[in-house]
Each structure stands twice: as C-alpha cells, then as structure tokens.
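Keep the viewer open as you read.

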Amino acid sequence: MSTLAIIGAQWGDEGKGKITDFLSAQSDLVVRFQGGPNAGHTLVVEGKKTVLHLVPSGILHGHVLSVIGHGVVFDPESFLSEKKVLEESGVEVSPQRLLISGHCSVITPYHRLLDQLREGTGDKIGTTGLGIGPAYEDKVGRRAIRAWDLLEKKRLSWALEKHLGEKKVLFEHLYGVDIPPFKEVLEKLWDLGQRIRPFFGDTFGQLHSSITSGKRVLFEGAQGALLDVDYGSYPFVTSSNTSLGAIYTGACGPRGGALGEVLGVAKAYTTRVGDGPFPTEVQGPAREFLQQRGEEFGATTGRQRRCGWPDLPLLRYAARACGLTSLAITKLDVLVGLEELKICWAYKLGGEILTEAYPGLDLSQVSPLYENFPAPRKEDDFDEYKQRLQRALGIEVGLLSWGPGRHETQQFKTYFSSKD
Ligand code: GDP
C-alpha cells in the first residue's frame, strides 16, 4: 500500500509530529489537509528542536515533497515567518520542496483580531487566537479569500471587501475597536501573495498523479479526533474536521476511497489543553508528575496542558470514528517511576456502563471506572502495557515511542509495503 494517514487519537499534542517525522523517512510526499498554523508539531532531530505550525513535517527530509492541501486555512504571514526560521536553521523551503494549494482559504489580520476579541470575552473556548475559527467560518459562509485571489489585485480587492463586510459592523458596534484600514490590508495581502506566488499550485492533481504512480504518500493530521468539529467534544473543539474524512475533502480522494493504513497516535496517558470536560483528569501529585515529566506545555501557546489517565472509551471511539488500522503509543517514558497507573476501561453513566464514547456523549456526566495497572519500571518495560492496550482496543500497536528523538522509537508494523 502506498498511502498512510496519521491522525491524533486524543485531544491533540499526542506526538504526531515525531511519528510523522519518523515515517516521513519512508515516504515520498507528506501532506497537510486541515487545520492551520494552530498545529504545533515539535520535532527533535539530532538533539535540535524544530516546531512546525503550518509546514508539513516532511520538510525536514530532503527527498520528500511537502504539500499543503486546500482544506488547510493558510496564513501567508505566519508561513513566511516559519519559512524564515526553517531556512535560518538550514532547511530548504523552495517551490521544488513545498507545494501549496491555490484553493486554500486565507487567514487575514481581521480573522486574528476577531479570534482574539472573542477569546477576551467571558465566552471563551480556549482557542490559539490565530484566526483559524473565523477563517473556517468564512469558508463555510462562502466569503473566504482563497490563495488564488492573492495573485490578482482586482479580484483580491473584491474578495476582501466581501470578507470585511459584516465583520466591520462587529468590530465597530459589538467590540468597539479600530481595525487596520482596508487599503493597508489589501496592499499587505497583495505583497504577501507576490512573495508566495511560486509555491501555489494544483495540489489535487499532484496528489492524484503521485498516488497513481505508486508514490508513498503520508497524510499528516493536526489536532486530534476528539477536537473534530463533528466527532469531538463540542463546543470545545477546533473549527475543522480533524478525523479521517478531512483527507478526502481537504486533499484528495484515493481511488476506491481506501487509504492503505490509518495510524492513530495516542499518548500513553491523556492530556487536554483549554477548557472542556475531561473524564480521567487527575489532580495532585500524579498530575504534577505527568505534567513535569511529560513537559506538558503547548508548542503554539505555551499553555499548561491538563493531564489524566489513559481513557479507553475515548480511544475506542476515536479508533472507530477514524477507521484506525493501528496505533502509535508515545511518551511511555513519562510513566516510568509513577507509583501506580490507572486505566479507565469504561464509564458509568446513570445505571449504564459504557465501554465506548459516541458523538454528543456528555463527558461531564460520566464517571470513569478504573483498573490499576503496574506502571513501567524502566525504559524497556513497555511490552506489558502495549499488550494490554492491544487486547483492550482490538487494534495493533504498530509503533512505540519513549523519548522525543528519532532513535527512541520502535516500529513493529510495515506501513509502506513497497516503493514502486
Ligand atoms: P503533536 O502536535 O501531536 O505533534 O504534539 P506536540 O509536538 O505538541 O507534543 C509532543 C511533545 O512531546 C513534543 O515536545 C515532542 O518532542 C514530545 N515527544 C514526542 N514523543 C515523545 C516521547 O515518546 N517521549 C517524550 N518524553 N516526549 C515525546
């Protein structure tokens, strides 16, 4: 098989960046298909840390073509800053190595402002404030600026006017703030478009021909299944579909609809950033332990992540929502030294026992049922935990990770069967 999807199986921050980087070595193309620069994939290569937000993790491998599909909301300013940081650390970011869909919806300064204003009210969701939500709203509201629009000034001016329309009323009358003038934003976007022009193209056609010719294509998910706008713990979700279906709508549809493998990435425990229900959340010393050892602070915002025990009902649900064919379990090293590990095998809801969550289940109303499990005692003591997860979830564990570095990974399953 020549296509592989990597999807977060929890609330994001599972270590997808590391696993994608590891498997990128075996791929020809690495493709982002949803989300925007709110992703924060941290990669550690030869001791050097790189945080990627918008650019696919494949960029660190010289032989890989990185692709940003049209389902991504594209922030031209943040792309150019990320490009600069990568180039300063010796990574080439050229149109030969990175193709961006001209059909991406564009994040504008107005989106960022709107996001930040909303987060400043009592009604906050805990977003990154980078304009992702407002950009997706405009896409669905059919008033988005598309990357292609940046390349033709008349078209851009028309699109920007439509884009600003209702927002102007919100800014002036609801929030009472001054906004960057239309002309200034127009010139800025036009200039950004000129600088990025060589990167824009038809990623859809490129992906189809690559898949047809047997190239190994890796689809890199951002955030996680439980943050999916439809499958996730609504309304504490991100604004895009983060689960499997987003590949078909945000990048391309492989022939027959089937991807070769769908790999879910999950931490050996659970974390969640921002607000929202979290059934297995821990407090006290265990929380301190997981947070400190796991360095649970967000890569994009620096916010502390909430920590909790492994949650099997949510993993079973994520596996079903995304059609997972295997799992990668990360951050096993964090559990070493823990006095006791608790695994949530089911929830109690009223008189009912639920072994799997479902869309719309009110997670604030469930009580987790735990079994105690021996925590791994040393760095190579992970087999028992791996077996336990495989049995409980009925899914093969294809990779284990016990450190941020590439070498701290063991692969049990073959993801790309051949290179044509
Ligand atoms: P992503 O958004 O899913 O890629 O996850 P993040 O990059 O936000 O968070 C994962 C963090 O955990 C990064 O700092 C990684 O370097 C780190 N990491 C990944 N795998 C492991 C692991 O197995 N052990 C430890 N200790 N850290 C890991």
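At what angle do the axes of helix H10 and helix H11 cross, and within what distance do they come? The model is predicted. In this model, H10 covers residues 312–322 and H11 covers residues 383–393. Their axes cross at roughly 60° and come within 10 Å. The crossing of H10 past H11 is right-handed. On the H10 side, the residues in the contact are Leu312, Leu315 and Arg316. They meet Leu389, Ala392 and Leu393 of H11. Sorted by class, this contact has 5 nonpolar residues, no polar ones and 1 charged residue.

Now turn to a second helix pair. Two packed helices are described by the angle between their axes and the distance between the axes. For helix H3 (residues 109–119) and helix H4 (residues 132–140), the angle is about 120° and the axes are 7 Å apart. H3 also passes H4 in a right-handed crossing. H3 brings His111, Leu114, Asp115 and Arg118 to the contact. H4 brings Ile132, Gly133, Pro134, Ala135, Glu137 and Asp138. The class count for H3 with H4 is 4 nonpolar, 2 polar and 4 charged residues.

Next comes the ligand. How many residues lie around the ligand, and which come nearest? There are 18, and the nearest are Lys16, Gly17, Thr42, Asp333 and Ser401. By class, the shell holds 3 nonpolar, 8 polar and 7 charged residues.

Look at the backbone atoms that face ligand oxygens. A polar backbone atom of Gly17 is 2.7 Å from an oxygen atom of the ligand. For Gly15, a backbone N or O atom lies 2.9 Å from a ligand oxygen. A polar backbone atom of Lys331 is likewise 2.9 Å from an oxygen atom of the ligand. How much of the ligand does the protein cover? On its own, the ligand has 590 Å² of accessible area, and the protein covers 91% of that. Helix H1 (16–24) and strand E3 (41–45) are the elements that give two or more residues to the shell.

Two backbone details remain. Start in the loop between strand E1 (3–8) and H1, where Asp13 sits. Asp13 is not a glycine, yet its phi is positive, at about 60°.

The other detail is a peptide bond. Which residues does the cis peptide bond join? The bond links Tyr234 and Pro235, with omega at about 10°. To find Pro235, go to the loop between strand E10 (217–220) and helix H8 (245–250).

Technical notes:
Residues numbered from 1 in each chain as written. Predicted model: local features only at pLDDT ≥ 70, side-chain atom pairs only at ≥ 80, totals over all residues. Heavy atoms only, no water. Axes fitted to C-alpha atoms, helices over the stretch in contact; angles between N-to-C directions. Helix = DSSP H or I, 4+ residues; strand = E, 2+ residues; numbered from the N terminus. Left-handed = near helix turned anticlockwise from the far one by under 90°. Contact = heavy atoms within 4.5 Å. Nonpolar A, V, L, I, M, F, W, Y, C, P; charged D, E, K, R; others polar. Near = heavy atom within 4 Å. Polar contact = N/O pair within 3.5 Å; in protein donor to acceptor, adjacent residues only side chain to side chain. Areas by Shrake-Rupley, 256 points an atom, 1.4 Å probe, with all protein chains shown as cover.
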